[in-house]
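Here is a short tour in questions and answers. Look over the sequence and the model, then read on.

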Amino acid sequence: MAKEREKKLFVGILGNYASELKLLLTTLLLLCAVATFLQFIPSRFTISASDLRFCISRVQSLTTTSSSSVSHLSTHEESKITLPPPPQPSPSPPPPAVEQDKILENGIIKRAFNPYGSAAYNFITMGAYRGGLNTFAIIGLASKPLHLYSKPTYECQWLSSSPPHTPITTVGYKILPDWGYGRVYTVVIVNCTFSTPVNAGNTGGKLVLRASTSGGGDTNFNITDTIDVLNESPNSLDLSVFTSPPKYDYFYCGSSLYGNLNPQRVREWIAYHVKFFGPKSHFVIHDAGGVHEQVLEVLKPWMELGYVTLQNIRDQERFDGYYHNQFMVVNDCLHRYKFMAKWMFFFDVDEYIYVPPKSTIKSVLDSLSEYSQFTIEQMPMSSKICLSSDYGKTYRKWGFEKLVYKDSKKGIRRDRKYAVQPRSLYATGVHMSQNLAGKTTHKTEGKIMYYHYHGTIAEKRESCKMLVNSTQLTYEKTPYVLDTTMRDIAGVIKKFELKMIGSRLQKNRQ
């Protein structure tokens, strides 16, 4: 009886399936007939022979599928009915035809050139930020040859989330802040300034960048990439940030950190500068591969206290720019935190900002408040010479505590670092900005300086290679003089670190 019921169930299923298949085939044949009839009716809408072939091929495909399904049912009566497999994805478009060399009628051989791949991306975005009610900055990389030998253009569009949805468009003004140091890629800052405020009602919208090559690379083409660079959801825009006092008095934007860094040197640097700049300061560290586990261990306490933000930027290594793309990195930091800082500093983790006794960083910067930017004098220190009185104790001393000999060579131009009032800048560099509103001063000698311990940040072995007992000497054709300015305040910094984060880093060494 059970087998008889199964047999009747199978026959019923097969009958239903066959009737539905018959209806489907009839419908498809009717549609194909209509399509054939329409070929003979004059109209601006036509159906090509390829369309008819497609229609017939679908009928054949369904017929084949149905016959195989029926065969499967008759062979395996207890099997379940399965749907036909999903359609295969459309094949990739064929590659462009390869041009061949030709002999022209005048006997000249016309050579063929066949391009493949792409030498560099048109635009690579890192960030996009508001600069006010109607202005934005887009930070990224672009092909350096494109900008050297062509004239790429940028157009900015604002698309509102609420009616009317008419786009607002403006020409994007480009800034190239890396002074030609770029390699395959150069840094591009696109300024988008609209004639009227956008998203003033806080209803949301998005900023779109249209980056056009304008014939660069191949003059037969003007390729335009349309890029969504910034989205603002409804009620997410805080307009008060543009007029409120900044959260921090002093802000550090660090260059790209890479290589096998010495965690002890990083430990000393961050403890010193948190003490130097005080509680209303913040430090943004950019990890381009240099923040390994031991370095992260010395930064973690300050991150937990809210003094440090660590950004992983290792993916930028895919794009060959100058010095781990540090020009792009500092510009992103400038615009990302532009309205959070009164003063923004740009220097490296082997450099220590210093102001003379009887002055403070606040008093010095107050005296420079009329300037949008000022540069800072360098004090280059030896990375090898130490005092003989430290013999046997150098491994216990901090780097700026034991390296006490300053390069005293006269009449040479040394690199300077700088600080800015960030709301006055459109773009920035590594040693100074050339794109700002307001004045710049370089006359800061005696007011503020930085001690530079070049080459020590990646040195894992003992720094002291030579111990001397002299106030001045010449080493490797360079004159040095004894300068214990930083050594004299090392004890204060060590006590400050202990007070702030406890003894968790006390066992840390070179």
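This is a predicted model: local features need pLDDT of at least 70, side-chain atom pairs count only at pLDDT 80 or more; totals for chains, interfaces and linings use all residues.

Q: What is the volume of the largest pocket, and which residues lie nearest its centre?
A: The largest pocket has a volume of about 950 Å³. Its lining counts 39 residues. Nearest the centre lie Y323, D348, E351, K417 and H431.

Q: Which element gives the largest share of the lining of the largest pocket?
A: Several elements each supply at least two lining residues: β11 (248-257), β12, α6 (326-336), β16 (373-380) and β23 (449-452). The largest share is five residues, and it comes from β11.

Q: Is H282 buried or exposed?
A: H282 sits in strand β12, which covers residues 281-287. Its relative accessibility is 7%. Buried means under 20%. H282 therefore counts as buried.

Q: Which residue has its backbone oxygen 3.0 Å from a polar side-chain atom of H282?
A: Leaving aside neighbours within four places in sequence, H282 is in contact with Y248, Y250, F251, Y252, G306, Y307, V308 and T309. One of these contacts also places a backbone oxygen 3.0 Å from a polar atom of the H282 side chain. That residue is G306.

Q: How far apart are the end C-alpha atoms of α9?
A: Helix α9 has twelve residues, 490-501. At 1.5 Å a residue, the helix should span 16 Å. The value in the model agrees: 17 Å.

Q: Within what arc do the buried residues of α9 fall?
A: The buried residues of α9 are A490, I493, F496, E497 and I501. Seen down the axis, they line one face of the helix, because they fall within an arc of 120 degrees.

Q: Which residue follows α9, and what is its phi?
A: The residue after α9 takes a positive phi. It is G502, with phi near 75 degrees.

Q: How many of the residues of α4 are buried?
A: α4 has 15 residues and reaches 21 Å from its first C-alpha to its last, close to the 21 Å expected. The rest of the structure largely encloses α4, because the buried residues number 14 of the 15.

Q: What lies at the start of α4, and what comes just after it?
A: At the start, a side-chain oxygen of N262 reaches to within 2.9 Å of the backbone nitrogen of Q264. Just after α4, a positive phi of about 90 degrees is taken by G278.

Q: Where is T213, and is it buried or exposed?
A: T213 is found in the loop between β9 (205-212) and β10 (224-232). Not counting residues up to four places away in sequence, T213 touches N122, L146, S150, K151, P152, F221, N222 and I223. Its relative accessible area is 9%, so T213 is buried.

Key:
Residues are numbered from 1 along each chain as its sequence is written. Side-chain values use heavy atoms; hydrogens and water are left out. Helices (H or I, at least four residues) and strands (E, at least two) are DSSP runs, numbered from the N terminus. Buried means under 20% relative accessible area, exposed over 50%, partly exposed in between (1.4 Å probe, protein chains only). A polar contact is a pair of N or O atoms within 3.5 Å; within protein, one must be able to donate a hydrogen and the other to accept it, and residues adjacent in sequence count only if both atoms are side-chain atoms. Contact means heavy atoms within 4.5 Å. The expected span of a helix is 1.5 Å times one less than its number of residues. The arc is that of the directions from the helix axis to the C-beta atoms. On a 1 Å grid over the protein atoms alone, a cavity is a set of points where a 1.4 Å probe fits but cannot get out, and a pocket is an open set with protein on both sides within 12 Å along at least five of seven lines; lining residues have an atom within 4 Å of a point. Grid points are joined across faces, edges and corners, and a volume is the space filled by probe spheres set on the points.
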